[in-house]
Amino acid sequence: SSFLRQTYGQRVQNHSNPAAKQLLEIMEKKKTNLAVSVDVTKSKEFLAIIDAVGPFVCLVKTHVDIIEDFDHSLIQQLQDLSVKHDFAIFEDRKFADIGNTVALQYSSGVHKIASWSHITNAHPVPGPSIISGLSSVGLPLGRGLLLLSEMSTKGALAVGSYTVEAVRMARAHRDFVIGFIAQRTMEGIGMQGDDVVDNDDFLILTPGVGLDVKGDAMGQQYRTPREVILESGCDVIIVGRGIYGKDPGLVEQIRAQAKRYMDAGWEAYQERISS
Ligand code: 5IU
C-alpha cells in the first residue's frame, strides 16, 4: 500500500483516533518502532523492566492479569513511567465475549483497563458487536482498539477468510479500530482491489519477534525485525523475552537488548521508506 513508504510522522494525519495519533507521534519523535511486552508476575520486576526499556520504546504491552501483587498504585506508577519516558500503554487483554460483557470487562472489575490503557485488543470471533461494546466505553475516553486478525503461533486458526473478515469489520469502525495485531499487511494476506481502500491506514503491530531463537517450547514462532518491518510491511515490532528473558534482574542487559531491537527495527523501517 502507499503507506509503506510514508514516514510514521506523515501518517499521523491519516488518523482521527487520539491513541493512533499519539503512537505515531511518539514513534516519529523517539525514532523507534519497538514495543516491549512485559510478561512478568511481580510488580517490582514489571516496573524495573519498563523503566529500563522506557527510552527505547514507543509502546509498552502489558498483561496486567498475571501480576500477583496487583493494586492500583501499580497503575499510577505505570502511568508515571509512560509520562517520564513518553510511551503509550497497550493492555493485551484479548477480549472475546459479547458486547455487553466486554464493555464491563473493559471498564470495571479489578483492573479498570479503559481508565489507563491507551490501546487494547479484541478477537473478532464474536462479530462486530464486540467492537460496539468496547467502543461504547473506550471511544469517549479517546482509546484505540486493535483487532487480532492473525496470530504468531503454530497452527493458529486466524487465517484466510477469518483474517479478511477481521479487516472488513475494522473498516466499518474506523473511529475506534486503529489497526491489527497481525503478521503482514492487507495485501500480504491476499486482499486486493476494492478490498484495499487507499485511505485505510491501519497500524499493524506484530508479536513473535526475536533475533536469537526461532521459537519457544509452547508454539511461539519468531521472525526478525527485518522480516516483519521490511519484508512483511508491519509497523511495530513487539518483543518480550528477547529483551528481558535472559535475566530480568540485569538492567544493563535489558537496556542493551532493547537498544539492539530498536536499532534493528528502525533500520528496517528506514530501508522500507527509502525503497
Ligand atoms: N502475542 C504473541 N503472538 C500473538 C499474539 C500475542 O506472541 O499472535 I495476538 C503476545 C504474547 C506475549 C507476547 O505477551 O506477545 C510475545 O512475547 P515473547 O516475545 O516473549 O514471545
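Tutor: Two residues are in contact if their C-beta atoms, placed from the backbone, lie within 7 Å. The model is predicted: local features need pLDDT of at least 70 and side-chain atom pairs count only at pLDDT 80 or more, while totals for chains, interfaces and linings use all residues. Residues are numbered from 1 along each chain as its sequence is written.

Student: Leaving aside neighbours within four places in sequence, with which residues is Ser107 in contact?

Tutor: Ser107 lies in helix α5; helices (H or I, at least four residues) and strands (E, at least two) are DSSP runs, numbered from the N terminus. Once neighbours within four places in sequence are set aside, the contacts of Ser107 are Lys112, Ala114 and Val137.

Student: Is Ser107 buried, partly exposed or exposed?

Tutor: A residue is buried if 20 or more other C-beta atoms, placed from the backbone, lie within 10 Å of its own, exposed if 12 or fewer, and partly exposed in between. Ser107 has 16 C-beta neighbours inside 10 Å, and therefore counts as partly exposed.

Student: Which helix joins β2 and β3 in a β-α-β unit?

Tutor: Strand β2 (residues 59-62) runs parallel to β3, with four bridges between them, and Leu59 has Ala88 as its bridge partner in β3. The unit is right-handed, and its helix is α4.

Student: What span does helix α4 reach from its first C-alpha to its last?

Tutor: Helix α4 (residues 72-85) has 14 residues. The expected span is 1.5 Å times one less than the number of residues, which for α4 gives 20 Å. The computed reach is close to this, at 20 Å.

Student: Why is strand β3 largely enclosed by the rest of the structure?

Tutor: Strand β3 covers residues 88-95, eight residues in total. It is largely enclosed because the number of its residues that are buried is seven.

Student: Which elements give two or more residues to the shell around the ligand?

Tutor: Of the 17 residues around the ligand, those that come nearest are Met151, Ser152, Pro207, Gly240 and Arg241. The elements that give two or more residues to this shell are β8 (236-239) and α9 (241-244).

Conventions
Near = placed C-beta within 6 Å. Pairing = 2+ DSSP bridges. Right-handed = clockwise from strand over helix to strand, strands pointing away.
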